[in-house]
Protein chains: 2
Amino acid sequence: MNDLLKPFIQVNQPLIEQQLDSLIVDIKAPAQLKEAMAYSLQAGGKRIRPLYLLAVLEELNVQNKDAIVVASTIEMIHTYSLIHDDLPSMDNDDLRRGKPTNHKVYGEALAILAGDALVTLAFGIIARLESITADQKIKLIDQLSFASGAEGMVGGQVLDMHGEGKRLTLEQLEEVHVNKTGALLSFSILAGAIIANASEDVVNALRKYAFHIGLAFQIQDDILDIESTSDQLGKTAGKDVLSEKNTYPSILTLAGAKEQLQKQYDLAMEALVTVDLHNGLLEQLANYITKRSN
Amino acid sequence: MNDLLKPFIQVNQPLIEQQLDSLIVDIKAPAQLKEAMAYSLQAGGKRIRPLYLLAVLEELNVQNKDAIVVASTIEMIHTYSLIHDDLPSMDNDDLRRGKPTNHKVYGEALAILAGDALVTLAFGIIARLESITADQKIKLIDQLSFASGAEGMVGGQVLDMHGEGKRLTLEQLEEVHVNKTGALLSFSILAGAIIANASEDVVNALRKYAFHIGLAFQIQDDILDIESTSDQLGKTAGKDVLSEKNTYPSILTLAGAKEQLQKQYDLAMEALVTVDLHNGLLEQLANYITKRSN
């Protein structure tokens, strides 16, 4: 099943890491600020968003040397959101992926500024690309701003905060996730289509795929919190139940959440079928996401 | 002397306020987030950055209906930087322009997110403009990212933090200001030139003017802290001396700071003379900045 995905990840993950390093190393900024930015960028993770962008290009048989740069700017935006989310006034997390969070190492002020610098840099990097047209850059910036701002990721974070301690409906929970994590994941997929100059049909199908796979990703996260050990997850398992967090299992039961996961997976795959993109990397990434154990 | 400036400000300041309101009102985001964004955007101030952009266009005899929108995005970036600067982990200010700071009203988490949403929205608004070309948008986004990120405003904020409690040289103090406040002010002026499709000569002259007038602005700020009353300033006067802050007067003496102010003013005006832009709004704005009492 994963005959395409494994080599794809093995080739591209190191390229993404390299690209992330090189985007920071050349900027003319105070050393400690650069260090704080690089610290969180280099903290690892699956790099699922940049991988998705590159996978779309591969599926559409388009090569473009700016693709990996755009992929990395999405990871910069994701990283800035984690730095700010971890702050004491937000989730107050001391550890992320087993390492001290940014503010634990550099202090709150520098952590806030490192996040600010990352989001600002991401837009500038896209504006300075050389292998895509000005119109493509504008589309990317337009959509990235939507996906990561008040109408997407930041708005989702606010909804999430307001939902704490309240019982959400399934619809409300979905609204949180569609914005907080779904919007940026969707953008990764859409960005691949923009760089590849994909047809409107393909763009629409990929948008649908992205929407459903984004929800599937989140449902699997919720299920893993219940079914996995802390060792497997690399973070404390069972935390959602203890903190009475709104999750798919808390609203639908565990069995209901698994059904919902399958439903979202099926809808994602149906979208791919319409444009004949269902037998490749995007299917395997969908499997990877819905069957992952961490 | 101010025969052009007064009517210019009277006409344009209300248009800027209107524009700022309308940029927020239509976004689809959680109500409290929009409220927090609008609260700080509507907190007033001289709107010197947007006015500068519009003044450049007027001096170059160019009308463009996107100009006021770009002008407002600069004010959004300025506003986000103030929200984050005021946070407890940064300057810990409870009041700004006589009103409670954003985090005092909405809490730290929402204040951080309102700032994040403003900076992200600014780039998206520029990408979605309709009266300038894609190339102009890209130039604006490229330069705005530099001016407001690690290589500009955010970097300057880090330098300022690191300079606290140390004795800076004049050169080091200048580096703080050139980045922390100068870069975004310069961008306002440059953005006007980009929208007007100004010639290279004009762009270069305006860059020089902007550099020197940015420093002049800051020197006048330092002088006002000593020579004005709290009533005149709308904030506590004499705070710099009490907190042993690095300022032009602390390094150069008050008389030396005034000399330096005149020097920067002269250099700014010299740059304008080379492109015959020294007898209008830009001269009057330079006078306004260096002779203002708050």
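Started with the contact: 44 residues come from chain A and 43 residues from chain B. I then asked which elements of chain A give two or more residues to the side that touches chain B. I found helix 2 (31–41), helix 6 (108–127), helix 7 (134–148) and helix 8 (153–163). Helix 6 of chain A gives the most here, with 13 residues. I also looked up the make-up of that side of chain A, and got 25 nonpolar, 11 polar and 8 charged residues.

Confidence next, since this is a predicted model. For the complex I noted an ipTM of 0.96 and a pTM of 0.96 from the predictor. Chain A has an average pLDDT of 94, and 99% of its residues score at least 70.

Then I picked one residue on the other chain, B:Gly149. I placed it in the loop between helix 7 (134–148) and helix 8 (153–163) of chain B. Is B:Gly149 buried or exposed? I counted 25 C-beta neighbours inside 10 Å, so B:Gly149 goes down as buried; the cut-off for that is 20 or more.

What is B:Gly149 in contact with, leaving aside its neighbours within four places in sequence? My list from chain A reads A:Ala117, A:Thr120, A:Leu121 and A:Gly124. From chain B I have B:Val154. Those chain A numbers sent me back to helix 6 of chain A, which spans 108–127.

Last entry, a distance check. B:Asp276 is 127 residues from B:Gly149 along the chain, and I get 32 Å between their C-alpha atoms.

Terms used. Residues are numbered from 1 along each chain as its sequence is written. Chains are lettered from A and ligands numbered from 1 in the order in which they are written. This is a predicted model: local features need pLDDT of at least 70, side-chain atom pairs count only at pLDDT 80 or more; totals for chains, interfaces and linings use all residues. pLDDT is the predictor's confidence in each residue, from 0 to 100. Two residues are in contact if their C-beta atoms, placed from the backbone, lie within 7 Å. Helices (H or I, at least four residues) and strands (E, at least two) are DSSP runs, numbered from the N terminus. Ala, Val, Leu, Ile, Met, Phe, Trp, Tyr, Cys and Pro count as nonpolar, Asp, Glu, Lys and Arg as charged, and the others, Gly among them, as polar. A residue is buried if 20 or more other C-beta atoms lie within 10 Å of its own, exposed if 12 or fewer, and partly exposed in between; C-beta atoms are placed from the backbone.
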